[in-house]
Amino acid sequence: MLPFKLVYSDDYFLPIGSHVFPGEKYKRIHDQLIESHVAEPADFFSPRPATDQDVLLVHTPQYVHKLKTGTLSAREELEMEIPYSPELVRAFWLAAGGSILAADYALNEGIAISIGGGFHHAFPDHGEGFCMLNDIAIAIRCMQRDEKIQRAMTVDCDVHQGNGTAVIFAPSGVPGNRAGMGSAANLHDMARVRRSSSDVFTISLHQENNYPAFKPPSSLDVNLPDGIEDADYLACLGNAMSMGLSRVQPELICYVAGADPYREDQLGGLSLSIAGLKARDTLVFQLAKAQGIPVMVTYAGGYARNIEDTITIHSNTVVAAKEVFGS
Ligand SMILES: [Zn+2]
């Protein structure tokens, strides 16, 4: 048995047909974890779908109504970049429920991983970039509503900037800022701006020259140059987390473990190796564990030319957690 819980359902499957996003990856990760004896069936716990009340903590009633009645405009569906269907709506409500459950487990046990979720491009009133609902934000808002936490931090390591999450947790009335890589003065300024007014500190480490073209400010954005490799990436990640953790004391870290910073990714332009991505996961887990902060993990993107690599990278996140939290 793993010393923590995995949240998963076969119904995480995204029914989007032939698409660069492999909607079947969740089941393949589940199967690989069992076949490789990293996990056993009893390690997996099935979520229930989020309730509409949960979803409405983040999303607007108008948007939720459109999703439930199939009345998105053609432009809205195009912007989401995945084909609308009632089945897809159910899959996203379930992914949100999975992230809520994983956050709850993480608070009780130190870490939990949902083999799904991480849909960081979803905004309160619309979906974008393969994301319909922002499960990360829904999970955080549910934990706050239920008075399980007050403050959270997102650590978004998908290759694409977490624009939806940044907007959802932007402090109202405080103009944003963006930090260039390695600019300590900027990082310091930004953390100071944000600390006074928000209960969720958002960190996004992403490739600057990539989607989304407009990157609304997170609490801390690390805009990485094309082609960055393992060692430099890990240094940036360590700096960003140290900076964030020196400014806020989160009661929960939501780690978005995208597989797309991988050097063979079709939608990414960074150059991390599979081993480097596992080292990334290990670093996040070690820093969180050292400070006694629970971590909830979601998976976000992964578009390797060979889907086996995406499955391996995501499976390795569980291996890394086992190594850090099992000892
Ligand atoms: Zn991505």
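The protein chain has 11 helices and eight strands. Its radius of gyration is 18 Å, close to the 20 Å that the globule rule gives for 327 residues, so the chain is as compact as a globular protein of that length. Keep in mind that this is a predicted model.

Now the overall dimensions. The C-alpha trace spans about 50 × 45 × 40 Å along its principal axes. Of the 327 residues, 59% count as buried. Next, contacts. Take those between residues at least 6 apart in sequence: 78% of them join residues at least 24 apart.

The accessible area of the chain is about 12,400 Å². Carbon and sulfur atoms account for 51% of that. As for charge, there are 25 positive and 39 negative side chains. The centres of the two sets lie 5 Å apart.

Start with α5, residues 86-109. This helix has 24 residues. From first C-alpha to last, α5 reaches 34 Å, close to the 34 Å expected at 1.5 Å a residue. Is α5 enclosed or open? Of its 24 residues, 17 are buried, so α5 is largely enclosed by the rest of the structure.

Then α11, residues 307-325. Its 19 residues should span 27 Å at 1.5 Å a residue, and the end C-alpha atoms are 28 Å apart, which agrees. How many of the 19 residues of α11 are buried? The count is 14, so α11, too, is largely enclosed by the rest of the structure.

Note on methods: Residues numbered from 1 in each chain as written. Predicted model: local features only at pLDDT ≥ 70, side-chain atom pairs only at ≥ 80, totals over all residues. Heavy atoms only, no water. Helix = DSSP H or I, 4+ residues; strand = E, 2+ residues; numbered from the N terminus. Expected span 1.5 Å × (residues − 1). Buried < 20%, exposed > 50% of the residue type's maximum accessible area, 1.4 Å probe, protein only. Rg over C-alpha atoms; globule rule 2.2 N^0.38 Å. Contact = heavy atoms within 4.5 Å. Areas by Shrake-Rupley, 256 points an atom, 1.4 Å probe, with all protein chains shown as cover. Lys, Arg positive; Asp, Glu negative; His and termini not counted. Charge placed at Lys NZ, Arg CZ, Asp CG, Glu CD.
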